[in-house]
Amino acid sequence: MWPDAYLEQARSDWQMWQLIRAQKLPDCHALHYLQMTCEKLGKAFLIRGRTISPQQAKQSHVAFKRFLQVVSRNPMLRNLLKMTASQLKAHINQLLPIAETVERLTPALAHDGPNVEYPWENPNREVHVPVSYNFQVVHELRRPPGMNLLKTVDLVQQQFYRLFT
Amino acid sequence: MTENHNLEKAVRFLAQDNFAVEDGLERIVWLRHGAGDKIRLIEVNRNGFPVGRIEAFYFAPFEEVPFETYLADVTPEEWQQILSGEIPLPAGWSLEGSKEFLRSDFEVERVA
């Protein structure tokens with residue numbers, strides 16, 4: 001029940017990411033939905049593991065990146081993607097840095113640095129605002145590893161029940 | 001072939017496969033006590049991300065491993081904390097009768 005609930009919300013966040021990124025709006029808004037998609041997907045998989053409660057999952061960090069690390073060991077995903085073990089491992093490895101960058105866009109993990117919700121002050125005491133900040137990750141998402149991350153986020157939502165129930 | 005034999009065969013398949021895929025894995029611990037026909041694994045991974053507790057991910061049964069699998073990645077430091085009791089095992093999990101696999105148990109061809 002709880003994993004389904006997190007998946008449902010993640011899917012809606014994903015739709016918002018797709019909708020907003022197609023608009024001429026500040027990048028922070030679309031990135032916010034992408035970050036929330038990854039966060040909720042990671043937590044859906046964690047809760048499905050039945051070792052932590054939904055309450056504990058709320059406090060869990062970089063769950064999606066950790067999920068990606070573990071899922072590279074899933075032979076069923078390998079079969080689904082028609083990849084060899086080495087291909088899947090290489091595929092996942094290229095996604096990990098950008099997946100972590102996306103997950104750390106939340107204020108809770110940004111440590112008073114760039115995030116998609118609140119203004120922050122840099123070490124030179126300059127205040128930045130998410131709506132006018134040039135997020136490097138936007139450019140990374142247009143390159144092959146970033147595009148592959150987006151494809152993977154889409155895929156695990158579609159194949160959630162096949163892979164994880 | 002007995003259910004236990006099939007379970008052990010599936011665990012060995014996963015362990016060998018996972019050692020081949022993840023070169024940071026130092027050991028894989030199969031927690032058998034009270035697991036029934038589920039597979040519970042703690043994988044000690046130098047490349048893991050420390051979270052200070054055991055958080056398992058679930059894999060659905062499939063052809064080669066027709067059992068529900070729960071896989072928790074921990075760092076070597078966390079593994080020591082699990083052994084000392086500083087990090088508790090999840091409810092229903094036990095190290096009693098557990099079986100460890102090391103990389104040297106398999107002739108593993110490392111995946112680049």
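Reader: Which residue is the bridge partner of B:Phe57 in β4(B)?
Author: The model is a predicted one. Strand β3 (residues 56-59) of chain B runs antiparallel to β4(B), and four bridges join them. Within this pairing, the residue of β4(B) that partners B:Phe57 is B:Leu71.

Reader: In which sense do β2 and β4(B) pair, and over how many bridges?
Author: One pair of facing residues is B:Ile39 and, in β4(B), B:Thr69. Strand β2 of chain B spans residues 39-45. Its pairing with β4(B) is parallel, over six bridges.

Reader: How many residues of strand β4 of chain B are buried?
Author: In a regular strand, side chains alternate between the two faces of the sheet. In β4(B), one side carries B:Thr69, B:Leu71 and B:Asp73, and the other B:Tyr70, B:Ala72 and B:Val74; all are buried. For β4(B), residues 69-74, the number buried is six of six.

Reader: Is A:Trp14 buried or exposed?
Author: A:Trp14 belongs to helix α1 of chain A. Apart from neighbours within four places in sequence, its contacts are A:Thr37, A:Val153 and A:Gln157. The cut-off for a buried residue is 20 or more other C-beta atoms within 10 Å. Because A:Trp14 has 21 C-beta neighbours inside 10 Å, it counts as buried.

Reader: Why are the buried residues of α9(A) on the same side of the helix?
Author: The buried residues of α9(A) are A:Gly146, A:Leu149, A:Leu150, A:Thr152, A:Val153 and A:Val156. They lie on the same side of α9(A) because the arc they cover around the axis is only 160 degrees.

Reader: Which residues are exposed on the other side of α9(A), and what covers the buried ones?
Author: The cover over the buried residues of α9(A) includes α1 (2-21), α2 (27-48), α6 (85-103), α8 (136-140) and α10 (160-164) of chain A. On the other side of α9(A), the exposed residues are A:Pro144, A:Lys151 and A:Gln158.

Reader: Which element gives the most residues to the side of chain A that touches chain B?
Author: Contacts link 24 residues of chain A with 23 residues of chain B. Two or more residues on the chain A side come from each of α2, α4 (63-71), α5 (75-81), α6 and α10 of chain A. With four residues, the element that gives the most is α4(A).

Reader: How do the residues of that side of chain A divide into nonpolar, polar and charged?
Author: The side in question is the one where chain A touches chain B, with 24 residues of chain A in contact. Its residues divide into 11 nonpolar, eight polar and five charged.

Key
Residues are numbered from 1 along each chain as its sequence is written. Chains are lettered from A and ligands numbered from 1 in the order in which they are written. This is a predicted model: local features need pLDDT of at least 70, side-chain atom pairs count only at pLDDT 80 or more; totals for chains, interfaces and linings use all residues. A residue is buried if 20 or more other C-beta atoms lie within 10 Å of its own, exposed if 12 or fewer, and partly exposed in between; C-beta atoms are placed from the backbone. The arc is that of the directions from the helix axis to the C-beta atoms. Two residues are in contact if their C-beta atoms, placed from the backbone, lie within 7 Å. Ala, Val, Leu, Ile, Met, Phe, Trp, Tyr, Cys and Pro count as nonpolar, Asp, Glu, Lys and Arg as charged, and the others, Gly among them, as polar. Two strands pair if DSSP finds at least two bridges between them.
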